[in-house]
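Here is a note to read alongside the model. Please keep the sequence and the 3D view open while going through the points.

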Amino acid sequence: RFDATPPEDIPSLPHGGPNWIFVGRVAPNKGLHQLVKAFEAFLALEAGARLTIVGKYDPEDRYYRDLRALVLNRGLAERVVFTGFVADDALAAHYRNADVFVCLSEHEGFCVPLVEAMFFDVPIVAKATTAIPETLGSAGILLEEEADIYDVAALVHQIWRDVQLREAVVAGHRLRRRAFLPEQIYPLIDELARELA
């Protein structure tokens, strides 16, 4: 579903610094206030960075308004972009523009965007909460739940500057993502269905 020509209104982003991405609806459990604050801390290390938050939001929702206010009050309006819901072709373009996927969610079920990021070779930094460690397996870099915004910023900076580390993370993604291919998943579903029957 991502094998599509990027829409013309999704330009390639300049690489004055890494392009952070998060994909998911704008909701309190997604840890987006912490994400914005971690990104702000990162700007002290790489002033040219950008953060793109791709996901559905309600403009009248209080959480979204508070998050926008945080972005505006910190002077980050030119660095933090909220796309709202996007179609698959645009989502693929955002993944291709990204240099790191940062997820600070407080709780997740099976986090599909993590798998998507793995298929686009986007290094993942994620907080080790709920099902995220099970989704990533040994791939990506997991943060302890007590990690603060400066830990996040420092780790992303290390991935951005250390080519060998970045390549090792992506290599881990390429191994892990095989577990989610249809030929791996469908037999498991069949086995589960037999057990339930």
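Predicted model: local features only at pLDDT ≥ 70, side-chain atom pairs only at ≥ 80, totals over all residues.

The points below start with the sheet, then turn to helices, the pocket and some loop residues.

1. Six strands form an open sheet in the order β3-β2-β1-β4-β5-β6, and their pairing is parallel. The edges are β3 (80-84) and β6 (141-143), each of which pairs on one side only. Direction ignored, neighbouring strands of this sheet are turned by 20 degrees against each other on average.

2. Two facing pairs can be picked out on screen: Thr52 stands opposite Val81 in β3, and Ile53 stands opposite Phe82 in β3. Which residues of β3 make up its covered face, and which the uncovered one? Val80, Phe82 and Gly84 belong to the covered face, while Val81 and Thr83 belong to the uncovered face.

3. Ile21 stands opposite Phe101 in β4. β4 also pairs with β5, again in the parallel sense, over three bridges. Here Val102 has Val125 in β5 as its bridge partner. Are the residues Val100, Phe101, Val102 and Cys103 of β4 buried or exposed? All are buried: Val100 and Val102 point one way from the strand, and Phe101 and Cys103 point the other way.

4. Why is α3 described as largely enclosed by the rest of the structure? Seven of its 10 residues are buried, so the description follows from that count. The buried residues are Ala90, Leu91, Ala92, Ala93, His94, Tyr95 and Asn97. Their packing partners are β1, β2, β3, β4 and α4. As background, an α-helix has 3.6 residues a turn, so residues three or four places apart point the same way.

5. The largest pocket. Its volume is about 190 Å³. The lining has 15 residues, and Val23, Val54, Phe85, Val86 and Leu91 lie nearest the centre. Leu91 is also among the buried residues of α3. Both α3 (88-97) and α4 supply at least two residues each to the lining. Which element gives the most to the lining? That is α4, with three residues. By type, the lining divides into seven nonpolar, three polar and five charged residues.

6. Two residues with positive phi. Asp121 is found in the loop between α4 and β5. Phi of Asp121 is near 60 degrees, a positive value in a residue other than glycine. Thr130, in the loop between β5 and α5, has a phi near 40 degrees, which is also positive in a residue other than glycine. Buried means under 20% relative accessible area and exposed means over 50%. Asp121, with a relative accessible area of 26%, is therefore partly exposed. Thr130, at 45% relative accessibility, likewise counts as partly exposed.

7. The loop residue Ala131. Ala131 lies in the loop between β5 (124-127) and α5 (132-136). At 22% relative accessibility, Ala131 counts as partly exposed. Which residues is Ala131 in contact with, leaving aside its neighbours within four places in sequence? These are Glu108, Gly109 and Phe110. Val81, by contrast, is 50 residues apart from Ala131 along the chain, and the C-alpha atoms of the two are separated by 27 Å.

Key: Residues numbered from 1 in each chain as written. Heavy atoms only, no water. Helix = DSSP H or I, 4+ residues; strand = E, 2+ residues; numbered from the N terminus. Buried < 20%, exposed > 50% of the residue type's maximum accessible area, 1.4 Å probe, protein only. Contact = heavy atoms within 4.5 Å. Pairing = 2+ DSSP bridges. Axes fitted to C-alpha atoms, helices over the stretch in contact; angles between N-to-C directions. 1 Å grid on protein atoms, 1.4 Å probe; cavity = no way out; pocket = protein on both sides within 12 Å on 5 of 7 lines; lining within 4 Å. Points joined across faces, edges and corners; volume = space filled by probe spheres on them. Nonpolar A, V, L, I, M, F, W, Y, C, P; charged D, E, K, R; others polar.
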